[in-house]
Amino acid sequence: MTKKHTDPLERVAQEMKKCVKCGACRANCPAFGTFQREPATARGKVALAQHLVKGDITLDDGTYSAMSKCLLCGSCVDKCPNQVPTDEIVIAAREALAQRRGLTTFHKAVGQVIKNRKLMNFGALAAAIFGPVFFRKVPSTSGLRLRFPMPFIGGSRHIPQIAKKPFMKRHPEIIKGEPGKPTIVFFVGCMTNFVYTEIGEATLALFRHLGCTVIIPQGQQCCGLPGMSGGDLETVRELAEQNLAAIEKHQADYVMTACATCGGALHKLYPLVIGKRNPELKARLQAVADKTVDAAVLLQKLGLHPEETGTGQRLRVTYHDPCHHRTAGIAKQPRTLLKETPGLDLVEMEGADRCCGLGGTFNVYHYESSLDINAGKSKAIIDTGADAVVTGCPGCIMQLSDGLKQAGDKTRVLHTVELLARKIRR
Amino acid sequence: MLDARTLQQLTDIVGAENIATGVQDLICYGYDATQMEFLPDAVVHPDSAEQVSKILQLANKENFPVFPRGAGSGFTGGALPKGGGVVLVTTRMNRILRIDTDNLVAEVEPGVVTEAFQMEVEKLGLFYPPDPASLKFSTLGGNVAECAGGPRAVKYGVTKDFVMGLEVVLPTGAIIRTGGETVKGVVGYDLTKLLCGSEGTLGIITKIIFKLLPYPDSKKTMLTVFDSIDGAARAVSTIIKNKIIPTTLEFMDHATLTCVERRFNLGMPESARAVLLIEVDGDRDLIEKQAGQIHKLIEPLGLVQFRVAKDAAESEELWRVRRLVSPSLRDVNPDKFNEDIVVPRSKVPDVIRRIELIQKRYDIPIVNFGHAGDGNIHVNIMIDKSVPGQLEKAHEAIKEVFQAALDLGGTMSGEHGVGLAKQPYIPLELNADQITAMKSIKAALDPNNILNPGKMLP
Ligand SMILES: Cc1cc2nc3c(=O)[nH]c(=O)nc-3n(C[C@H](O)[C@H](O)[C@H](O)COP(=O)(O)OP(=O)(O)OC[C@H]3O[C@@H](n4cnc5c(N)ncnc54)[C@H](O)[C@@H]3O)c2cc1C
Ligand code: SF4
Ligand code: SF4
């Protein structure tokens, strides 16, 4: 019985052995930073995973609680001298926990959260809390639902407004560009589709400006990462397959995302996590992964001329690195674009590459701690005196906006593409 | 085992949220960087000397052992609760109490992370030089307890050279202060020095007064490559003989270079047999001049490459070579014993040669790198524990490595301490009289042997 539930962990057991318990991961782990207890560190989670595999501890509340204290930000992996993939190990542990969902303790804790089909009642609940507009138009497979799965996130939290009409409903599937120019599949993502539609519009405007053909595959779904963070790998696999099918329908030079989280899913986590479990999907997932590129990186690659985009108004901006960009090595490209754009002054904040505290569903289970991490971020932003903080992930945008509003600050929060598209869209 | 009543008393002292007995916490406070593991019965997180004192008084009354712990980054198992008991974690005591810019001293609590402290003093133009490679996560209390050192020790010394005074809770629960804030002071025994490096066996440090220096103007980093280890070693003594004391003199032997090169392809010259990373700091004009002098001095010693960093970014690039050592070692074998022997610096080539013989005799890879400036060599014995017989061979080889260091007038540990890992080898270095003297100090301060028992002394 226990054996079956630790299967996902056995798949990463070899990786766990690489951890020498040096403690270097204490330095950068935002979860440890806020909880200040060893089970919250990467090292602690790896140790617990090892004991789970050995079978001398069980998937009980204590283990659940320790494994829930991770934002999957990957900064431990970046800084670990032995490159221990703690994020993967935590995902495996959460999958093991999710498989035991039928058993009382785990079910109590996250039961309703991960498998969205069982969230029927919740849909009504959320609607009651956030008002009828929120969620009504959001399909149940959307990551948004996974991101706001619990009733107790009301309170002082600033929830963004839902768009009147989703981005994908506003545009045809294929928007033809100039002959000879690249064809780009646009993977939109839930946040952009339902909430921050302006990010989608800006992205579209920029690539049309460059003459590209932009395809917005209609069958695309949520990338599934919020589900991954809850350990619901079955849902993630289903979504990955649907997304794969939608993308493969089109011939394209690039698969492009303007959301760091979606990019992380397509580029790294699908082949790594889903591919490992489904060898028959692996090659297809890898093929899409190889074509996947972030909007800012692609704009730079295709030679967007920043002077075409600057509006001349002077603006002091600072840049926040989304975790899924940092772990993919995307840091220079967006900054270069911003630096070259006339009228923009880029000032660095302290700890620009530190996680904002959203962390998939982390901010739901550990809202206080998420706020704590976010407060540090807000302070760093405010300290720069910038007019706007710019980033490449709608999830971060939501979290940063929440933090700054709670701090009573008026710094604007924008996506890189929004700034770059200001002139073009006039 | 602790009974319910004792646990309740501990809870009353630190508060319910600062004591843990769940198996997850016990596991997570049962390891350190040695990769040994012993589960405690409880973990407490006190936040003041008074709480620490009450815990120790209770321990004496109820007769349970207490194991002080900082970040658990120790390499010798000093913080491990062997035999069970209570792990006392200092991380809640993490305040920088004051930085006195008139007298250049600072007072801190033990749980402050070393780098956090460095950054605070540097904001004021001041300097706390001790820089163990673990500075981003180890605590100052742990640094003092282990007397941690780092690459800057050549010029500035190690942790104890910066500790002016301490607040300590003795094993019986008495709270005392040692030393003070004055540069001079000779009243009574020097308990400050005794406690530095005592590995948490003589008292729990609850406050530290550090001496600070002015932050050096600028620094210059040089990467130098030699065609022999002798050349590199002679470079070290030549530089120092010519009255230049670099901040750092880090060396990597041929085996280390091979590992790094295989993994990261840095494009080292074919003839490279040893690398010295040299850093000088101080007045801008002076270090410019020193860099030139150093180049001239070491040129005839088989130098095959000399690179000087122009700016901070290039300096970081040169340091990268040194930082890549750890990650590349695992390619040799999955398990390693990292021993940190010290010999007089002129004896570095001799000891490397002795280690090469040991490596041949036992047929296990040994990789050496470390702080050439102070003769502190990290001897990495690389084995695969799953291969039968390798572990035993490693232990034999380690013993011979220690013996080699001692034969050449050195010591078996420069910075990692003794803890559990090196305890069996203690009689190689200390004679019966020395051990008896040390044991009587321990017995006098800790009559019931409740503080970190079973560590360091055999
Ligand atoms: C990657 C890595 C690199 C390292 N590099 C170096 C290096 O360059 N130089 C070096 O010297 N060491 C190095 N170390 C070893 C280690 O980091 C140091 O020994 C460090 O000082 C330990 O600090 P800690 O807070 O982790 O202490 P812990 O490991 O928690 O404890 C170490 C010892 O100190 C005692 N202790 C801790 N706090 C107190 C206190 N407040 N009062 C009394 N006793 C206490 C414990 O009981 C134990 O005996 C390295 C370790 C790692 C993992
Ligand atoms: S996860 Fe990496 S950094 Fe953390 S203890 Fe293990 S080896 Fe060290
Ligand atoms: S992924 Fe982030 S939060 Fe999770 S253990 Fe690593 S550093 Fe900590």
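Here is a friendly chat about a predicted model, its rings, its ligand shells and one of its pockets.

Colleague: Hi! What should I know before I look at this one?

Modeller: This is a predicted model, so local features need pLDDT of at least 70, side-chain atom pairs count only at pLDDT 80 or more, and totals for chains, interfaces and linings use all residues. Residues are numbered from 1 along each chain as its sequence is written, chains are lettered from A and ligands numbered from 1 in the order in which they are written, and side-chain values use heavy atoms, with hydrogens and water left out.

Colleague: Okay, rings first. How many aromatic pairs are there over all chains?

Modeller: The count comes to 8. Rings of Phe, Tyr and Trp (its six-membered ring) pair if their centres lie within 6.5 Å; planes under 30 degrees apart count as stacked, over 60 as edge-to-face and the rest as tilted.

Colleague: What about B:F117 and B:Y128?

Modeller: Their ring centres are 5.1 Å apart and their planes stand at 65 degrees, so this pair is edge-to-face. B:F117 is in helix α4 (residues 114-123) of chain B, while B:Y128 is in the loop between β7 (126-127) and α5 (140-146), 11 residues apart. Helices (H or I, at least four residues) and strands (E, at least two) are DSSP runs, numbered from the N terminus.

Colleague: Is B:F117 buried or exposed?

Modeller: B:F117 counts as buried, at 0% relative accessibility. B:Y128 is also at 0% and counts as buried. Buried means under 20% relative accessible area, exposed over 50% and partly exposed in between (1.4 Å probe, protein chains only).

Colleague: And which kind of pair do B:Y128 and B:F162 make?

Modeller: That pair is edge-to-face, because the centres are 6.0 Å apart and the planes are at 75 degrees. B:F162 sits in the loop between α6 (153-156) and β8 (163-169) of chain B, 34 residues from B:Y128. B:F162 counts as buried, at 1% relative accessibility.

Colleague: Which residues form one aromatic cluster?

Modeller: B:F117, B:Y128, B:F162 and B:F210 do.

Colleague: Where does the charged end of B:K211 sit?

Modeller: Over the ring of B:F162, 5.3 Å from its centre. In chain A, A:K69 lies over the face of A:F35, at 4.9 Å from the ring centre. The rule is that NZ of Lys or CZ of Arg is within 6 Å of the ring centre and within 35 degrees of the ring normal.

Colleague: Switching topic! Which residues are around ligand 3?

Modeller: Among them are A:C29, A:C70, A:L72, A:C73 and A:C76. A residue is near a molecule if one of its heavy atoms lies within 4 Å of it. Helices α4 (30-35), α5 (42-54) and α7 (75-79) of chain A each supply at least two residues of this shell.

Colleague: How do the residues of that shell divide?

Modeller: Into 9 nonpolar, 2 polar and 1 charged. Ala, Val, Leu, Ile, Met, Phe, Trp, Tyr, Cys and Pro count as nonpolar, Asp, Glu, Lys and Arg as charged, and the others, Gly among them, as polar.

Colleague: And ligand 2?

Modeller: The shell around ligand 2 has 8 nonpolar, 2 polar and 2 charged residues. The residues there include A:C19, A:C22, A:C25, A:R43 and A:C80.

Colleague: Back to A:L72. What is its phi?

Modeller: A:L72 has a positive phi of about 50 degrees although it is not a glycine. A:L72 lies in the loop between α6 (61-68) and α7 of chain A, and counts as buried at 16% relative accessibility.

Colleague: What about B:N265, buried or exposed?

Modeller: B:N265 is exposed, with a relative accessible area of 64%. B:N265 has a positive phi of about 50 degrees too, although it is not a glycine, and is found in the loop between α9 (254-264) and β14 (274-282) of chain B.

Colleague: Last one: how much space lies in the second largest pocket?

Modeller: About 880 Å³. On a 1 Å grid over the protein atoms alone, a pocket is an open set of points where a 1.4 Å probe fits, with protein on both sides within 12 Å along at least five of seven lines; lining residues have an atom within 4 Å of a point. The volume is the space filled by probe spheres set on the points, which are joined across faces, edges and corners.

Colleague: Which residues lie nearest its centre?

Modeller: Of the 35 residues lining the second largest pocket, B:G197, B:E199, B:V418, B:M438 and B:M456 lie nearest its centre. The helix α16(B) gives the most to the lining, with 4 residues. The lining divides into 15 nonpolar, 10 polar and 10 charged residues.
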